[in-house]
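Here is a short briefing to read alongside the model.

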Amino acid sequence: MFTKINSSHLVGIESVCVDVEVDIKSMGMPSFTVVGLAEGAVRESRERVKSSLKNLGFNIFSNAITVNLAPADFKKEGTHFDLPMAIGLLKAFGIFDAKLEDTIFIGELSLDAKLRGINGVLPMVIDASGVGFKRVILPEENAEEASVVSGMEVFGFSTFSDVLRFLQGDLEKKPFETNIEDYFADARKFSLDFADVKGQFFAKRAAEIAAAGMHNLLFIGSPGSGKTMIAKRIPSILPAMTINEAIQTTKIHSVAGLIKGKGNLVVDRPFVSPHHTSSDVSVIGGTREVRPGAVSVANNGILFLDEILEFKRSVLEVLRQPMEDGYVTVSRANRSVVYPANFMLVGACNPCPCGNLGDKVKPCTCTPHQIQRYRSRLSGPLMDRIDLQVSVNSIDFKDLSDMKPGESSESIRRRVEKAIDIQKKRFQAEDINYNSQMSERMLRKYCNLNEDGLKILENINNKYGLSARAYSKLLKVSRTIADLEGSDELKPAHVLEAVRYRFLEYE
């Protein structure tokens with residue numbers, strides 16, 4: 001007796017179809033063998049499936065049972081093969097005879113035959129739909145998450161007995177349906193607003209430019225100057241995510257186990273703020289299961305490193321490759337996985353160990369050697385990748401005591417969205433969305449400077465010595481400033497403003 005059940009397996013944020021093949025021999029000693037490069041959690045499926053079916057009254061394990069997970073040329077991990085194994089066993093024994101060629105099964109079984117939610121459902125269902133499957137049966141906990149995939153009938157169940165009754169025709173159930181537009185209608189609700197920020201017009205302008213082009217941003221200033229306050233409000237001025245960005249981000253969050261049981265499409269741009277004691281593995285991704293790290297969870301959003309100079313140097317240095325490429329490759333002994341990591345880095349730190357360098361009232365007590373050693377934690381190559389570098393001075397008492405609110409996030413966001421719309425029209429024939437993603441070819445095409453602009457950059461190069469990357473960053477920021485102004489032409493004034501955000505000056 002042989003049968004085949006369709007399932008799926010994750011590889012990064014993509015998935016591959018897996019055939020769960022069940023063969024039962026009436027001859028031979030009782031056994032239950034799982035083959036097909038099954039890892040520990042998959043091999044343990046035997047015990048969960050046996051207990052679940054026995055607790056439902058199916059004593060079918062007096063035969064020689066072989067389960068093969070095909071193709072067998074890559075390792076299988078996770079608990080989501082429990083449900084297809086159980087279905088395959090009962091179908092092979094003739095308990096039911098439903099046609100399942102267009103159906104995939106994914107889900108974990110408890111010992112009392114209840115279905116438990118799993119991670120990574122969305123990418124599995126998306127890829128299954130892409131290869132022609134029409135129906136998915138999974139835990140009720142994951143139904144809302146899977147239902148965002150159009151063209152796929154999603155059936156969620158809380159117990160295995162309900163799944164069996166449904167397949168036998170004894171239980172009627174409608175597919176779980178959701179409206180993606182409803183998710184976006186509930187988005188863009190922020191508790192933090194730029195209207196709360198007193199003064200700091202220079203820093204707020206830098207935040208607006210960074211948001212308008214998705215540029216990396218660094219705030220350096222004394223404690224209490226408002227660096228973190230401004231950084232936490234940047235999500236409120238970012239453009240709304242597109243449906244493709246939302247689905248890609250949700251896939252990552254699903255694999256990372258951040259939406260299991262919630263079932264929500266991630267429609268607000270992520271704001272990820274790891275603690276400065278975080279390890280490089282937790283930031284870049286890894287562990288034995290090759291899970292996505294903070295840089296991938298922040299994809300299409302913000303990775304905020306508060307007190308960035310307190311992070312270990314190894315953690316900061318692993319950011320260089322994803323900041324440049326927009327993805328990260330996590331390699332382990334058994335496999336290598338590529339995760340998107342197209343984030344906007346926002347960092348905040350003090351200018352010196354005591355924090356008072358450049359303060360108008362409090363004197364700095366640090367020696368030049370201490371200051372140089374403190375700042376050296378941010379290497380030159382990493383600083384070169386940060387588009388805007390802003391000194392944030394202590395706020396004046398006059399601004400602090402002013403009871404009038406500052407400019408609202410909504411007002412700033414309207415300007416940002418207009419600039420983003422300009423970029424989308426400009427890059428509609430390209431494979432990018434924002435100025436920060438421009439290649440060297442695109443810079444030559446979209447960032448032509450006149451003689452005055454070139455002269456400014458020549459003078460800057462003579463003073464500071466621009467690297468090729470720093471030159472490109474200046475042009476990209478200049479292009480964003482021009483877009484905020486609604487200018488097709490890249491003017492010297494745009495270049496001069498970009499230069500102001502590139503080189504830090506201290507008193």
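Predicted model: local features only at pLDDT ≥ 70, side-chain atom pairs only at ≥ 80, totals over all residues.

The chain has 507 residues, and 53% of them count as buried. Its secondary structure comes to 22 helices and 18 strands, and the C-alpha trace spans about 85 × 45 × 45 Å along its principal axes.

**Helix H3 and what follows**
- Helix H3 is largely enclosed by the rest of the structure, because 10 of its 11 residues are buried.
- Among the buried residues of H3 are Asp82, Leu83, Pro84 and Met85.
- After H3 comes glycine 94, which has a positive phi, near 80°.
- The loop between helix H3 (82-92) and strand S5 (103-105) holds aspartate 102.

**Salt bridges**
- Side chains of opposite charge can pair when their charged atoms come close.
- The count here comes to 27 salt bridges.
- One of them joins lysine 251 and glutamate 14, at 3.5 Å from N to O. Lysine 251 sits in helix H10 (residues 243-255) and glutamate 14 in strand S2 (residues 14-25), so this pair ties together parts that are 237 residues apart in sequence.
- Within that pair, lysine 251 is buried at 9% relative accessibility, whereas glutamate 14 is partly exposed at 37%.
- Arginine 116 and glutamate 108 form a salt bridge too, with their closest N and O atoms 3.8 Å apart. Here arginine 116 is partly exposed at 43% relative accessibility, while glutamate 108 is buried with a relative accessible area of 16%.
- Arginine 313 and glutamate 317 meet in a salt bridge of 3.9 Å, N to O. They are four residues apart in helix H13 (residues 313-317), so about one helical turn separates them.
- Salt bridges with shared partners also link Arg205, Glu208, Glu407, Arg415 and Glu497 into one network.

**Cysteines**
- A search of the whole structure finds zero disulfides.
- Cysteine 364 is partly exposed, with a relative accessible area of 29%, and cysteine 17 is partly exposed at 33% relative accessibility.

**A negative surface patch**
- Glu101, Asp102, Glu153 and Glu177 gather on the surface as a patch of negative charge.

Conventions
Residues numbered from 1 in each chain as written. Heavy atoms only, no water. Patch = residues over 30% accessible without salt bridge, like charges linked within 9 Å, V, L, I, M, F, W, Y side chains within 5 Å. Areas by Shrake-Rupley, 256 points an atom, 1.4 Å probe, with all protein chains shown as cover. Salt bridge = Lys/Arg side-chain N within 4 Å of Asp/Glu carboxyl O. Lys, Arg positive; Asp, Glu negative; His and termini not counted. Charge placed at Lys NZ, Arg CZ, Asp CG, Glu CD. Helix = DSSP H or I, 4+ residues; strand = E, 2+ residues; numbered from the N terminus. Disulfide = S-S within 2.5 Å. Buried < 20%, exposed > 50% of the residue type's maximum accessible area, 1.4 Å probe, protein only.
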